[in-house]
Amino acid sequence: VQKVPLNLALVIDRSGSMHGEPLHAARKAAAGVVEMLDKDDVLTVVCFNNEVSTIINSVAMDEAGKAQAQRAIQGIR
């Protein structure tokens, strides 16, 4: 059985209520998802507080894409 590539969007709350451990846990979970994706999968990451920001927009999850996604996710504040 062949796996169908995913086109996945993660949405992360970075509002004040997520300060500290909750945001750390959200970043850790998102980073774990990135590592589970295959090179044919595509990822978008959106963050929000009082504004919405797309920090990764439809990036293939090959080695370079995963590295880019991990850097972007760790930079969420």
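**Entry 1. Helices and sheet**

I began with helix α2 (residues 63-74), which lies across β2 and β3 and runs at about 165° to β3. For such angles I took axes as lines fitted to C-alpha atoms, for helices over the stretch in contact, with values from 0 to 180 degrees between N-to-C directions. Helices (H or I, at least four residues) and strands (E, at least two) are DSSP runs, numbered from the N terminus.

I noted that this is a predicted model, in which local features need pLDDT of at least 70 and side-chain atom pairs count only at pLDDT 80 or more, while totals for chains, interfaces and linings use all residues. Residues are numbered from 1 along each chain as its sequence is written, and side-chain values use heavy atoms, with hydrogens and water left out.

I then looked up the sheet. Three strands form an open sheet in the order β1-β2-β3, with mixed pairing. β1 (7-13) and β3 (52-60) stand at the edges with a single partner strand each, so one side of each has no neighbour in the sheet. Neighbouring strands are turned against each other by 15° on average, direction ignored. I counted two strands as paired if DSSP finds at least two bridges between them. β1 and β2 run parallel and are joined by seven bridges. Within this pairing I found Val 11 opposite Val 46 in β2.

**Entry 2. Helix α1**

α1 has 16 residues and reaches 23 Å from its first C-alpha to its last, close to the 22 Å expected at 1.5 Å a residue. The expected span is 1.5 Å times one less than the number of residues.

Which residues of α1 are buried? I found Leu 23, Arg 27, Ala 30, Ala 31 and Val 34. They cover an arc of only 100° around the axis, which puts them on the same side of α1. The arc is that of the directions from the helix axis to the C-beta atoms. Buried means under 20% relative accessible area, exposed over 50%, and partly exposed in between (1.4 Å probe, protein chains only). The face of α1 turned away from its buried side carries the exposed residues Glu 21, Lys 28 and Met 36. Among the elements that cover the buried residues of α1 are β1, β2 and α2. I used contact in the sense of heavy atoms within 4.5 Å.

**Entry 3. Two buried residues**

I looked up Leu 37, which lies in the loop between α1 (21-36) and β2 (42-48). Leu 37 is buried, at a relative accessible area of 6%. Neighbours within four places in sequence aside, Leu 37 is in contact with Leu 6, Leu 8, Leu 43, Met 61 and Lys 66. I also noted that the C-alpha atoms of Leu 37 and Ala 60 are separated by 9.4 Å, the two being 23 residues apart along the chain.

I then went to Thr 44, whose place is in strand β2. Thr 44 is buried, with a relative accessible area of 11%. Not counting residues up to four places away in sequence, Thr 44 touches Leu 8, Ala 9, Leu 10, Thr 54, Ile 56, Asn 57 and Ser 58.

**Entry 4. Salt bridges**

How many salt bridges does the model hold? I found three, a salt bridge being a side-chain nitrogen of Lys or Arg within 4 Å of a carboxyl oxygen of Asp or Glu.

Lys 3 forms a salt bridge with Asp 38, with the closest N and O atoms 3.5 Å apart. Lys 3 lies in the segment before β1 and Asp 38 in the loop between α1 and β2, so the pair ties together parts 35 residues apart in sequence. The side chains of Lys 3 and Asp 41 also meet in a salt bridge, at 2.9 Å from N to O. That pair links parts of the chain 38 residues apart, with Asp 41 in the loop between α1 and β2. I therefore recorded Lys 3, Asp 38 and Asp 41 under one heading, as they are linked in a network of salt bridges.

Lys 3 is partly exposed, at 44% relative accessible area, and Asp 38 is partly exposed at 36%, whereas Asp 41 is buried at 0%.

The side chains of Lys 39 and Asp 40 meet in a further salt bridge, at 3.7 Å from N to O. Lys 39 is exposed, with a relative accessible area of 58%, and Asp 40 counts as exposed at 51%.
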